[in-house]
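Subject: Handover of a structure and its findings

Dear colleague,

Please find the structure below, together with its sequence. I would be grateful if you could read the notes that follow with the structure open beside them.

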Amino acid sequence: MKYYIRTFGCQMNVNDSEKMAGILKTLGYQPAEDWKEADVILVNTCSVREKPDQKVLSALGEFKKIKKEKPNAVIGVCGCLAQRAGYEILQKAPFIDMVFGTTNIHHLPKLLEEAKSGNKAVEILEEIDENENLLDQFPTVRENKYTAFVTVIRGCDKKCTYCIVPTTRGKERSRRIGDILREIQFLVEDGVKEIHLIGQNVTAYGKDLGDVNFWELLEAVAQVEGVKRIRFTTGHPRDLDEDTIKVMADLPQVCEALHLPIQAGSDRILQAMDRGYTQKEYLYKIELLKKYIPDIALSTDIIVGFPGETYQDYLETVKVIKEVEYDQVFAFKYSPRPGTPAADLPMTENPETLSKWLNDLINIQKDITFKKNLQYEEKTVEVLIEEINEEGKLTGRTRTNKLVHVEGSPEYVGQIVDVKIEKVNRFSLEGKINGGI
Ligand code: SAM
Ligand code: SF4
């Protein structure tokens, strides 16, 4: 019996899919190379913008064909779109056998059993399942052997007016620190070197528990023997304080990289988005980060065309991008999400103008990214070799999250090595191994 999982969206979804693969493995299923071979197909969905919604429906249209060859194959839909609009999807795609939301993934064995017996297995909970942490007891099946996601907090208590996540993922729930550390211990024993702590707002970790905060979590993770690198995503600018930045700087395991979404540069738009900071306050945090961690690589998310955004507002975003000099920017056009406070606000600009703004911004950033990469020329950097790519080259990442290709023997895979950078490309670096193993 084989399974195939198609994942859309963020790292939280990737980690949920790894857990679902773990559950299916426990039930005796093997991964299928191709969906056509699968007995169970799961589509883990995203709802953050409209495009992923559409992609899900077209993927389902493709997977439907499996029913001709394998009438008993089970097709399931889960994740944020299923949580928000599971019943609508069932109406649009009645061939689906199983639908479940974001907090009851641990019910997959029961739901699968029901679907296999020919019934529609549908479980979309209005309230958060109080036993959702049972999911954490399942092993993960990971593609990357040396770096692993660990969910530390679920949900989001912020109320950004454009965002569907608080609806699809519920309020903030931090995992108990002991459970997190046990999972990390297990991952390290399994060969993992780099731990990537994830959550919609990791910097809010512990607020709901009351007896621990995010930087204490960082310190505890760094004490687990064998953890060589720590990353975390996503930090919210509002919750990132100087104490946390100091701890990031002091702990040798914490990588010099941070994704800190600004969303927009204009104070008027930031307020309309209810982000809880001004441009000046955001830039102050960036200043602190650069002061304590001079080599830090920064990345951000940008929304172009939030309702009411004028060209002057947009230019404020461009100004911030030029001033901060991010290593990477993830920019998208605003997409109205049903049920969010901003959904009914009228769009101020036409789609063509917004596309132009977005393209211009992406082009400005491309040059900045290349300029940042050029700083690596002739430098020696630490790289965790993760795999051998299709061209037979060793491939890994620097602590600053830059992709590096090097020549070398397969024994280096899984090792942290020093690499002298000899060539800088727009999206990757190339070099020679200088030491390590
Ligand atoms: N919690 C993180 C934060 O506050 O920055 C981000 C999590 S959110 C799921 C990921 C990204 O999706 C956001 O940073 C934002 O840029 C983007 N996003 C969310 N809602 C959006 C919308 N309605 N239209 C366009 N982009 C959106
Ligand atoms: Fe969405 Fe805002 Fe929460 Fe991030 S902080 S998940 S953008 S509501």
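**Salt bridges**

A search of the whole structure finds 30 salt bridges. Please bear in mind that this is a predicted model. Side chains of opposite charge can pair when their charged atoms come close. One of the pairs joins Lys19 to Glu183, with 4.0 Å between the closest N and O atoms. Lys19 belongs to helix 1 (residues 11–26) and Glu183 to helix 7 (residues 177–189), so that the pair links distant parts of the chain, 164 residues apart.

**Ligand 1**

Which residues come nearest to ligand 1? Of the 17 residues around ligand 1, they are Gln200, Gln263, Arg275, Asp301 and Ser335. By class, the shell consists of 6 nonpolar, 6 polar and 5 charged residues.

- A nitrogen atom of ligand 1 lies 3.0 Å from a backbone N or O atom of Tyr162.
- A polar backbone atom of Gln200 is 2.7 Å from a nitrogen atom of ligand 1.
- An oxygen atom of ligand 1 lies 2.5 Å from a polar side-chain atom of Asp301.

Ligand 1 taken alone exposes 560 Å², and the protein buries 90% of that area.

**Ligand 2**

The residues around ligand 2 include three cysteines, Cys156, Cys160 and Cys163. Lys158, Tyr162, Val165, Pro166, Asn201, His236 and Arg275 are also around ligand 2. This shell has 6 nonpolar, 2 polar and 2 charged residues.

**Empty space in the protein**

Rolling a probe the size of a water molecule over the atoms shows where empty space is left. The second largest pocket has a volume of about 380 Å³. It is lined by 20 residues, of which Asp295, Ile296, Tyr376, Lys379 and Thr400 are the closest to its centre. Strand 13 (297–304) and strand 15 (380–388) are the elements that give two or more residues to this lining. The largest share, 3 residues, comes from strand 15. The lining of the second largest pocket divides into 7 nonpolar, 4 polar and 9 charged residues.

How many cavities of 30 Å³ or more does the structure hold? There is 1 such cavity, and the largest cavity has a volume of about 60 Å³. Asp16, Thr102, Thr103, Ile105, His106, Glu132, Leu135, Arg154 and Arg169 line the largest cavity. By class, these lining residues are 2 nonpolar, 3 polar and 4 charged.

**Two details of the backbone**

Most residues other than glycine have a negative phi, and most peptide bonds are trans. Two places in this model may be read against that background. The peptide bond from Thr233 to Thr234 is cis, with omega near 0°. Thr234 is placed in the loop between strand 11 (229–233) and helix 9 (242–250). Gln263 is not a glycine, yet its phi is positive, at about 75°.

With kind regards

Key: Residues are numbered from 1 along each chain as its sequence is written. Chains are lettered from A and ligands numbered from 1 in the order in which they are written. This is a predicted model: local features need pLDDT of at least 70, side-chain atom pairs count only at pLDDT 80 or more; totals for chains, interfaces and linings use all residues. Side-chain values use heavy atoms; hydrogens and water are left out. A residue is near a molecule or strand if one of its heavy atoms lies within 4 Å of it. A polar contact is a pair of N or O atoms within 3.5 Å; within protein, one must be able to donate a hydrogen and the other to accept it, and residues adjacent in sequence count only if both atoms are side-chain atoms. Accessible areas come from the Shrake-Rupley method with a 1.4 Å probe; for residues, only the protein chains shown count as cover. Ala, Val, Leu, Ile, Met, Phe, Trp, Tyr, Cys and Pro count as nonpolar, Asp, Glu, Lys and Arg as charged, and the others, Gly among them, as polar. On a 1 Å grid over the protein atoms alone, a cavity is a set of points where a 1.4 Å probe fits but cannot get out, and a pocket is an open set with protein on both sides within 12 Å along at least five of seven lines; lining residues have an atom within 4 Å of a point. Grid points are joined across faces, edges and corners, and a volume is the space filled by probe spheres set on the points. Helices (H or I, at least four residues) and strands (E, at least two) are DSSP runs, numbered from the N terminus. A salt bridge is a side-chain nitrogen of Lys or Arg within 4 Å of a carboxyl oxygen of Asp or Glu.
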